[in-house]
Every structure is written in structure tokens, then in C-alpha cells.
Amino acid sequence: MSDKPYSKSRPSIPAELRRAIEVEAGHTCAIKGCYEHTYLEIHHIDLNRENNTLENLILLCDKHHKMSHAEVIDRKALREYKKLLNNNHDSTIIEKIEELKALIKNQKASKPIPQPTNSQPIDPQISRLAPHRSDVLHFALYHVAIAFYEKRNNLYFEHQVEFIKDESHLILDALRQNDNLSKDIIIEVHYIRKSYLDSIIYSQQIEKKIEIYKLLTGREARGVLLIVVSKEKMKTETNLQYTYKGVEVSSEDITIEVFSCDEIGFHPGSVSAATIQSDLE
């Protein structure tokens with residue numbers, strides 16, 4: 001094997017790219033059946049150290065790295081191992097997204113909220129679309145709550161952050177991504193209007209989002225579960241025992257903050273469809 005590709009000094013691999021390679025391989029050697037995770041090195045598949053592209057880099061243990069340079073494991077085989085890693089990583093993300101969708105679906109009411117039936121005559125070729133009033137007000141509530149949290153902690157976040165990979169979508173209520181932090185911060189907001197809505201599912205949702213975020217970005221993250229309650233007296237742990245319990249038993253690093261609507265200065269209220277209908281008549 002020629003040493004020509006290594007006649008020049010080795011260009012450094014950017015930290016973000018290095019992280020992506022490590023995440024892709026799950027921080028273990030990329031060779032199937034090898035579970036070495038201690039002594040790992042990044043290998044250039046085409047042996048060109050200046051070709052620092054994601055497609056050309058693969059994570060190997062010391063043994064398999066040497067075998068690759070000796071061409072005991074050839075480039076074609078390495079690219080096949082790389083393809084297996086990509087397929088496995090993508091399928092894991094898709095699986096987590098589907099789990100999150102199932103959690104969100106289980107949280108939603110089984111019956112749709114009725115809408116006013118009378119409306120002004122319009123051209124039948126025109127579609128008239130309007131979100132549910134409750135959806136709009138809850139969206140406003142969530143971001144008022146995040147702003148309240150930001151001001152209290154002197155931390156500022158990106159709101160309504162979306163990550164897209166092929167058909168997979170991850171939407172975060174708020175995100176603080178900063179290399180100076182030991183972990184990025186993800187905020188998830190939920191409004192608990194009545195005590196019977198207390199549930200472990202809120203912590204499960206943010207837990208799943210943290211898992212997906214780490215898979216997508218290769219960055220460590222912790223979660224802040226912001227719970228907004230309709231009345232001040234609901235803020236006690238007794239009234240939210242399942243919500244607190246979910247945070248306590250979570251496998252991820254999650255903390256909980258509970259605010260009342262009065263505390264943050266915004267209350268979505270409850271307006272029935274019948275009330276809207278009466279306004280239209």
C-alpha cells in the first residue's frame with residue numbers, strides 16, 4: 001500500500017463532523033459484531049486524509065483501523081458497513097418519532113371539539129380554514145410561559161424549533177443550543193386545566209424528544225418541563241403527583257417548573273362552541 005496519501009500533514013476534523021461520525025456509529029466500532037467502545041479512531045475510507053466528508057469517514061477500533069489500512073477490510077466493505085450504520089441510525093430516529101406520535105395521540109381527546117355550523121355564504125371554490133380557538137390560545141399560553149421562564153432565569157431560547165430529516169419531524173417548544181453549556185436545554189410546555197389531567201405522559205413526551213434530539217444532532221441535552229395550571233392552588237405536588245412522578249423516574253435529565261396562569265399573566269379561559277355560535281347569530 002502506498003504511503004502517498006499520508007505525505008502531507010493531517011487536516012483536523014471539525015468537532016461537529018467528528019460528533020456526527022460518533023453518533024452515527026453509536027460510539028462503538030462500526031464493524032458489525034465488534035462492540036469495542038474504548039479505543040476508537042476515525043478512518044478515511046478512501047485513505048485521503050483531506051477528504052473530510054461525512055460519507056468518507058467511519059469510526060473504527062484500533063484493530064479494525066489497522067486491518068483497513070492493510071486492506072484486509074477493503075473500501076467496498078467499509079462502505080457497506082457505513083450504509084448499515086446509516087440505515088440503523090435512520091430507523092432508530094423513525095422509531096422514536098413514531099413513539100412520540102403515539103404518546104401525543106394518546107394525550108389528545110378522543111372526541112373532536114364541535115365547531116359553529118353557520119357561516120357567511122362564500123364561493124364554493126374557496127376553502128375556509130381556521131384553527132380551533134383553544135389551539136390558538138394554548139399556543140399563546142405556551143410561549144408566554146416560556147417568556148416568563150426566560151425572564152425569571154435570565155436565559156433566552158429559540159421558540160418553536162423544528163428539525164426535519166426526510167419524513168421525520170421533531171418540533172420543540174423552545175431550545176437553547178450553546179457549546180458553552182454542558183447540555184443543551186429543551187423546554188416542553190403543557191397546560192393542566194383540571195387536576196384530573198395530571199399524568200405521567202408529559203414527562204414521557206419530553207423524554208422522547210430528548211432522545212430524538214440527541215440522535216439527530218449528536219449533542220447532549222436536558223429537559224425543562226413547564227407546567228401551567230389554571231389555578232394557584234393546583235401548583236402543589238399533591239395535585240400533580242403523576243406529573244412529578246414521571247419526572248422523578250425518567251431516564252433523562254429533566255426538571256419541572258410549575259406556574260399558574262395568574263403568575264404568568266395570561267389565562268386562555270374556556271369558550272364553548274355554543275358561545276361562539278351565539279356571537280355569530
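This briefing walks through the fold, the cores, the aromatic pairs, the salt bridges and a surface patch of the structure above. Please keep in mind that this is a predicted model. The protein chain has 281 residues, and 36% of them count as buried. Its secondary structure consists of eight helices and seven strands.

**Overall picture**

**Nonpolar cores**

- As general background, nonpolar side chains tend to be buried together in soluble globular proteins.
- Here, the largest nonpolar core contains 25 residues. The residues with the most contacts inside this core are Leu170, Ile186, Ile192, Tyr213, Leu225, Ile227 and Val229.
- At least two residues of this core come from each of helix 3 (75-107), strand 4, strand 5, helix 5, strand 6 (221-229) and strand 7.
- Helix 5 is the biggest contributor to this core, supplying six residues.
- A separate core has 18 residues, including Ala30, Leu59, Leu60 and Leu78.
- Leaving aside residues up to four places away in sequence, Leu170 touches Ile97, Leu100, Val161, Glu162, Phe163, Lys209, Ile212, Tyr213 and Leu216.

**Aromatic pairs**

- Three aromatic pairs turn up in a search of the whole structure.
- In one of them, the ring centres of Phe148 and Phe259 are 4.9 Å apart and the planes meet at 75 degrees, so this pair is edge-to-face. Phe148 belongs to helix 4 (residues 133-153) and Phe259 to strand 7, so this pair links distant parts of the chain, 111 residues apart.
- Phe163 sits in strand 3 (residues 158-165) and Tyr213 in helix 5, which puts the partners 50 residues apart.
- Tyr213 is buried, with 0% relative accessibility. Tyr213 is also listed among the residues with the most contacts inside the largest core, and both Phe163 and Tyr213 are touched by Leu170.

**Salt bridges**

- In general terms, side chains of opposite charge can pair when their charged atoms come close.
- The structure holds 15 salt bridges.
- One of these joins the side chains of Arg19 and Glu16, at 2.7 Å from N to O. Both residues lie in helix 1 (residues 15-24), three residues apart, or about one turn of the helix.
- Arg19 is partly exposed at 24% relative accessible area, and Glu16 is partly exposed at 42%.
- Arg19 and Glu16 also belong to a network of salt bridges that takes in Asp179, Asp184 and Arg219.
- Lys183 and Asp253 form another salt bridge through their side chains, with 3.3 Å from N to O. Lys183 lies in the loop between strand 4 (168-176) and strand 5 (184-192), and Asp253 in the loop between helix 6 and strand 7 (254-260), so this pair ties together parts that are 70 residues apart in sequence.
- Both partners are partly exposed, Lys183 with a relative accessible area of 27% and Asp253 with 32%.
- Glu188 and Lys209 are joined by a salt bridge too, and their closest N and O atoms are 2.9 Å apart. Because Glu188 lies in strand 5 and Lys209 in helix 5 (residues 201-217), the pair ties together parts that are 21 residues apart in sequence.
- Are Glu188 and Lys209 buried or exposed? Both of these residues are buried. Lys209 is also one of the residues that Leu170 touches.

**Surface patch**

- Ile200, Tyr242 and Val249 make a nonpolar surface patch of about 280 Å².
- Tyr242 lies in helix 6 (residues 241-249) and counts as partly exposed, with 49% relative accessibility.

Notes: Residues are numbered from 1 along each chain as its sequence is written. This is a predicted model: local features need pLDDT of at least 70, side-chain atom pairs count only at pLDDT 80 or more; totals for chains, interfaces and linings use all residues. Side-chain values use heavy atoms; hydrogens and water are left out. Helices (H or I, at least four residues) and strands (E, at least two) are DSSP runs, numbered from the N terminus. Buried means under 20% relative accessible area, exposed over 50%, partly exposed in between (1.4 Å probe, protein chains only). Patches are made of residues with over 30% relative accessible area and no salt bridge: like charges are joined within 9 Å, nonpolar side chains (Val, Leu, Ile, Met, Phe, Trp, Tyr) within 5 Å. Accessible areas come from the Shrake-Rupley method with a 1.4 Å probe; for residues, only the protein chains shown count as cover. A salt bridge is a side-chain nitrogen of Lys or Arg within 4 Å of a carboxyl oxygen of Asp or Glu. A nonpolar core is a set of buried Ala, Val, Leu, Ile, Met, Phe, Trp, Tyr and Cys residues joined through side-chain atoms within 4.5 Å. Contact means heavy atoms within 4.5 Å. Rings of Phe, Tyr and Trp (its six-membered ring) pair if their centres lie within 6.5 Å; planes under 30 degrees apart count as stacked, over 60 as edge-to-face and the rest as tilted.
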